[in-house]
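Hi everyone, thanks for coming. Please have a look at the model on the screen, and I'll walk you through a few places in it.

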Amino acid sequence: MSGLDAPDITAAYDAVRSDKEATNWLLLSYTGAAGDKLVLAGTGSGGLEELAGKLDDGQAQYGYVRVEYANDSESTRVKFALVVWIGEGTKVMRKARVSIESGAVKRVLSHHSITVDARDRADLDKADIVTRLRKAGGADYNGGRG
């Protein structure tokens, strides 16, 4: 995959992972209908909801998001999710290549607890993702009730 080693992608990834930065998501998009070159399409501090609003229904894209949630009244946890988005209008050949090309993205954006395969914005419901992150993290202070 070309483009994944771009300095702006590395900087955005580091910002999302940092406890000192407001940035909590990044979005990678293909530069064109053909080819495998990815570019940084955006970053923000509005979390999963803001990221979902930036997704393009005509494209495959990759999001990386920091999710903070409370375990109990005393503590919060921070986990990371990789979003593999395939919009409903994505060309058939691009859809087919995502399963192969997403491996390179997963290696570059390597620190994530879960991968969310999203075809619809409803797949990015924060409550559902927090439930999955709790299960992936081992400690579940809510008895599995999310």
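Let's begin with A33, which sits in the loop between β1 and β2 (38-44). A33 counts as exposed, because its relative accessible area is 70%. The cut-offs are under 20% for buried, over 50% for exposed, and partly exposed in between, with a 1.4 Å probe and protein chains only. From A33 to R97 is 64 residues in sequence, and 12 Å in space from C-alpha to C-alpha.

A quick word on where this comes from: it is a predicted model, in which local features need pLDDT of at least 70, side-chain atom pairs count only at pLDDT 80 or more, and totals for chains, interfaces and linings use all residues. Residues are numbered from 1 along each chain as its sequence is written, and side-chain values use heavy atoms, leaving out hydrogens and water.

Now follow R97 into helix α3 (residues 92-108), where R97 and E101 lie four residues apart, about one turn of the helix. Their side chains meet in a salt bridge of 2.6 Å, N to O. By salt bridge I mean a side-chain nitrogen of Lys or Arg within 4 Å of a carboxyl oxygen of Asp or Glu. Buried or exposed: which is E101? E101 is buried, because its relative accessible area is 5%, while R97, at 39%, is partly exposed. Elsewhere, salt bridges that share partners join D19, R66 and E68 into one network.

Between E68 and R66, the closest N and O atoms are 3.4 Å apart. R66 is buried at 9% relative accessibility, and E68 is partly exposed at 44%.

How many salt bridges does the count come to? The answer is five. One of them pairs the side chains of D57 and R121, at 2.8 Å from N to O. This pair links distant parts of the chain, 64 residues apart: D57 is in the loop between α2 (47-54) and β3 (60-72), and R121 is in the loop between β5 (114-118) and α4. D57 is partly exposed, with a relative accessible area of 41%, and R121 is partly exposed too, with 33%.

Back to helix α3, which also holds R107. R107 is exposed, with a relative accessible area of 63%.

Next, T23, in the loop between α1 (7-17) and β1 (25-30). Why does T23 count as buried? Because its relative accessibility is 19%. Leaving aside residues up to four places away in sequence, T23 touches A15, V16, T43, G44 and S45, where contact means heavy atoms within 4.5 Å.

My last stop is on the surface, where E88, D117, D120, D123, D125 and D128 gather in a patch of negative charge. Such patches take residues with over 30% relative accessible area and no salt bridge, joining like charges within 9 Å and nonpolar side chains (Val, Leu, Ile, Met, Phe, Trp, Tyr) within 5 Å. Asp and Glu count as negative, Lys and Arg as positive, and His and the chain ends are not counted.

Terms used:
Areas by Shrake-Rupley, 256 points an atom, 1.4 Å probe, with all protein chains shown as cover. Charge placed at Lys NZ, Arg CZ, Asp CG, Glu CD. Helix = DSSP H or I, 4+ residues; strand = E, 2+ residues; numbered from the N terminus.
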